[in-house]
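Please keep the model in view while going through the numbered points.

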Amino acid sequence: MTELLSLNEKTKEQGLVLTPNDVKTLVVSRNKVLRDHARVELDIGVLKELIEVFSTSPYMERDHYVDTLNELQEIFYYLRNETEDKIGDMKLIQQMNDYYNGPCAGSLELLRSKMEELAENFRRDMIRRDSLFESEE
């Protein structure tokens, strides 16, 4: 909890501050998302990174800050599963941020759609690579 609250020092410049109750909400949501996606995480590094990266977005609104972070966690772990953990956390978060601030213009719905496309393309490329290796044997 202290780790997440300490991020307020960085995010308060954008007018984004988490309360202890907000942090509890984020952690409860994180645990649910992990359970729903059958994942185990031993630390809160991903949540911290999501906060740090997305707090600088011009589309992040104070009134929807916690809800947006919860949705970002959901999208992130969905992607981790869909890409079979073959894309690193930071690369995935950066790609999400690029879409969120770019073509999605802060729309979580569009971000989810773009990330689903990314996962689909990733899986298709993996299948192509696998079949290429099989044909060489």
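1. The model is a predicted one. Its largest nonpolar core has 38 residues. Leu18, Ile51, Phe54, Leu72, Leu79, Met96 and Leu111 are the members with the most contacts inside this core. Two or more core residues are given by each of α3 (20–36), α4 (45–54), α5 (65–82), α6 (89–101) and α7 (108–136). The largest share, nine residues, comes from α5. As a general background, nonpolar side chains tend to be buried together in soluble globular proteins.

2. Leu72 deserves a separate look. Which residues does Leu72 contact, leaving aside its neighbours within four places in sequence? They are Leu50, Phe54, Met60, Met96, Leu108 and Leu111. Of these, Phe54, Met96 and Leu111 are also named among the core residues with the most contacts.

3. The overall arrangement may be stated next. The protein has seven helices and zero strands, and the pattern along the sequence reads α-α-α-α-α-α-α. The C-alpha trace spans about 55 × 30 × 20 Å along its principal axes. Of the 137 residues, 38% are buried. Among contacts with a separation of 6 or more, 63% join residues 24 or more positions apart.

4. The next two points concern helix packing. Two packed helices are described by the angle between their axes and the distance between the axes. For α4 and α5, the angle is about 125° and the axes are 10 Å apart. α4 is therefore oblique to α5, and the crossing is right-handed. On the α4 side the contact is made by Val46, Leu47, Leu50, Ile51 and Phe54, and on the α5 side by Tyr65, Leu69, Leu72, Gln73, Phe76 and Tyr77. By class, this contact has 10 nonpolar residues, one polar residue and no charged residues.

5. How do α5 and α6 pack, in terms of angle and of how far apart their axes lie? The angle is about 125°, and the axes are 11 Å apart. α5 is therefore oblique to α6. The crossing of α5 and α6 is right-handed. From α5, Thr68, Leu72, Ile75, Phe76, Leu79 and Arg80 take part, and they meet Asp89, Leu92, Ile93, Met96 and Tyr100 of α6. By class, the contact has eight nonpolar, one polar and two charged residues.

6. The loop between α5 and α6 holds Thr83. Is Thr83 buried or exposed? Thr83 is buried, because its relative accessible area is 0%, a value under the 20% limit for that term. Not counting residues up to four places away in sequence, Thr83 touches Ala119 and Phe122. Glu84 has its place in the loop between α5 and α6 too.

7. Backbone angles form the last topic. Most residues other than glycine have a negative phi. In Glu84, however, phi is positive, near 55°. Ala105, in the loop between α6 and α7, also has a positive phi, near 45°. Ala105 counts as partly exposed because its relative accessible area is 41%, which lies between the limits of 20% and 50%.

How values were computed:
Residues numbered from 1 in each chain as written. Predicted model: local features only at pLDDT ≥ 70, side-chain atom pairs only at ≥ 80, totals over all residues. Heavy atoms only, no water. Core = buried A, V, L, I, M, F, W, Y, C linked by side-chain atoms within 4.5 Å. Buried < 20%, exposed > 50% of the residue type's maximum accessible area, 1.4 Å probe, protein only. Helix = DSSP H or I, 4+ residues; strand = E, 2+ residues; numbered from the N terminus. Contact = heavy atoms within 4.5 Å. Axes fitted to C-alpha atoms, helices over the stretch in contact; angles between N-to-C directions. Parallel < 35°, antiparallel > 145°, perpendicular 65-115°, else oblique. Left-handed = near helix turned anticlockwise from the far one by under 90°. Nonpolar A, V, L, I, M, F, W, Y, C, P; charged D, E, K, R; others polar.
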